[in-house]
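This report covers the surroundings of a few selected residues. The sequence and the model are shown first.

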Amino acid sequence: MSNFGLKLASLVFAGVIWLSVTNNQDPQISRQIRDVQVKIVDNSNYLKNNNLVGWAVDSSDLSQSVKVKGKKSIVDTLTNNDIKLVADLKNLPVQGTDSTVRAIPIEAVVENNNGTDIVDIELSNDKLEYNVEKKISKTLELKPVQIGHPDDKYIVGDKAIELDQVKIEGPESVVNNVTKATAEIDVAGLTRTMNVTANIVLRDKNDEVVETNDADASRVKIINNNGKPTVRAEVEILEGKFVPIRCVVSGEPADGYAVTGTVSTPDKVQIAGDSKVISKIKEITINDSELDIAGRTQDLNYTVELDKYLPDGVRFGEDSKAKATVVVSIGKLSSKNFAVDIKNIGVENPVQGYDIKVDTNEYDSVALTLLGLDSALAAVDENALKGSVDATQLVKENGTETLRDGVYSAKVKWNNLPEGVKASDDVEVYVRVNKTN
């Protein structure tokens, strides 16, 4: 026990030397480890038991950088797979800041055998903002819609899908925003009837697409149809062509008025069906009792259903409507006087046993008053007007027993009046009759 103090001091000094040497060989250090994933666990089935759905408000928060402090020999070997960040829903607060967003504490542990040698793990964010909403479902009618167009001269006929309803599930705010579901059938380039795969598309009231994703709790999911976002569809492809519309107008307008034009809108429609059937259709003729202009002094406007003018097995093309608006324009007539050279009037339909000729000795011309629109009358060439007397009609009116040689009056038929122009009154000329037997 002699020199006890000196020996004790030596022992303490030796321990200090030992600790110093040890720390120099394996000192404590701090190291930043990036891209450590945050795992959300719900072992207590909190969401399921409360019919809720939840997700991280910002998905980037599910990957963090952590600062690890410990012995250099341990810290240097750690990877982001050795550190576990857990957000356990059992720690979920009952109420959030805005009734849906809540902050879950994040716990960190080292998952290798040296985890106990880690002095400290510092997180860049020790809480995860988590959105919680009531989970609801909704069933919507599923309607087929066409996307694209088939090849030229083909059109789309009937469309059928194997599913008439789609059931969706997800957060209340998202599901309530979905207003319709469609099965989009892409018909681009098709030339025959066939089965295809159609995409199920959900849309909101503004017709914007609502995304579906089974792996993302913030999105809606399709829970029938085995969860598939597609459906089988059959699309009918028909041959088509465009044909003009022709209108048949009956009756005559009031005296002093004439039809100035007939217009159909549209003036042609696309029809479709079996190629052998539609090849025989050259036009669609509207022959409707409503297109009667008898006694009218004003235009006639009429909307006609075109379906009844299509043969069985023929339908309208996708871009054509089943209605047409017909306008029959009626205008007031003007009159204009013309002096027609008597030499421009001849005899037609000669009768055997008679020599009938227009008498040119009494006058050089006859007066003709024509009725028509101003534009039509302005186009009439007086020198080009031609007329004729029907010899057969003259003999018929006077009778073969009483018809003798002499001069008779006969009505003139005008042979080349322009369209939309007519004579206001009958014009008669003298004809000289000579019996030849």
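The model is predicted. Beyond its neighbours up to four places away in sequence, E133 touches L52, V53, W55, T100, P171, E172 and S173. E133 is part of strand β7, which spans residues 127-147. E133 is buried but takes part in no salt bridge; K134, the nearest side chain of opposite charge, is 10 Å away. Two residues in the contact list also have polar atoms close to the E133 side chain: the backbone nitrogen of E172 lies 3.3 Å from one of its polar atoms, and the side chain of S173 makes a polar contact of 2.8 Å with that of E133.

R203 belongs to strand β11, residues 194-204. Its relative accessibility is 17%, so R203 counts as buried, the cut-off being under 20%. Leaving aside neighbours within four places in sequence, R203 is in contact with N177, V178, T179, K180, E184, E208, V209 and V210. For one of these, K180, the C-alpha atom is 5.5 Å from that of R203, although the two residues are 23 apart along the chain. The R203 side chain also reaches the backbone oxygen of D207 at 2.9 Å.

| From | To | Distance |
|---|---|---|
| E133 side chain | E172 backbone nitrogen | 3.3 Å |
| E133 side chain | S173 side chain | 2.8 Å |
| R203 side chain | D207 backbone oxygen | 2.9 Å |

Helix α1, residues 4-25, contains F4. F4 counts as partly exposed because its relative accessibility is 46%. Together with L8, L11, V12 and V16, F4 forms a nonpolar surface patch with about 490 Å² of accessible area in total.

Key. Residues numbered from 1 in each chain as written. Predicted model: local features only at pLDDT ≥ 70, side-chain atom pairs only at ≥ 80, totals over all residues. Heavy atoms only, no water. Helix = DSSP H or I, 4+ residues; strand = E, 2+ residues; numbered from the N terminus. Buried < 20%, exposed > 50% of the residue type's maximum accessible area, 1.4 Å probe, protein only. Lys, Arg positive; Asp, Glu negative; His and termini not counted. Salt bridge = Lys/Arg side-chain N within 4 Å of Asp/Glu carboxyl O. Polar contact = N/O pair within 3.5 Å; in protein donor to acceptor, adjacent residues only side chain to side chain. Contact = heavy atoms within 4.5 Å. Patch = residues over 30% accessible without salt bridge, like charges linked within 9 Å, V, L, I, M, F, W, Y side chains within 5 Å. Areas by Shrake-Rupley, 256 points an atom, 1.4 Å probe, with all protein chains shown as cover.
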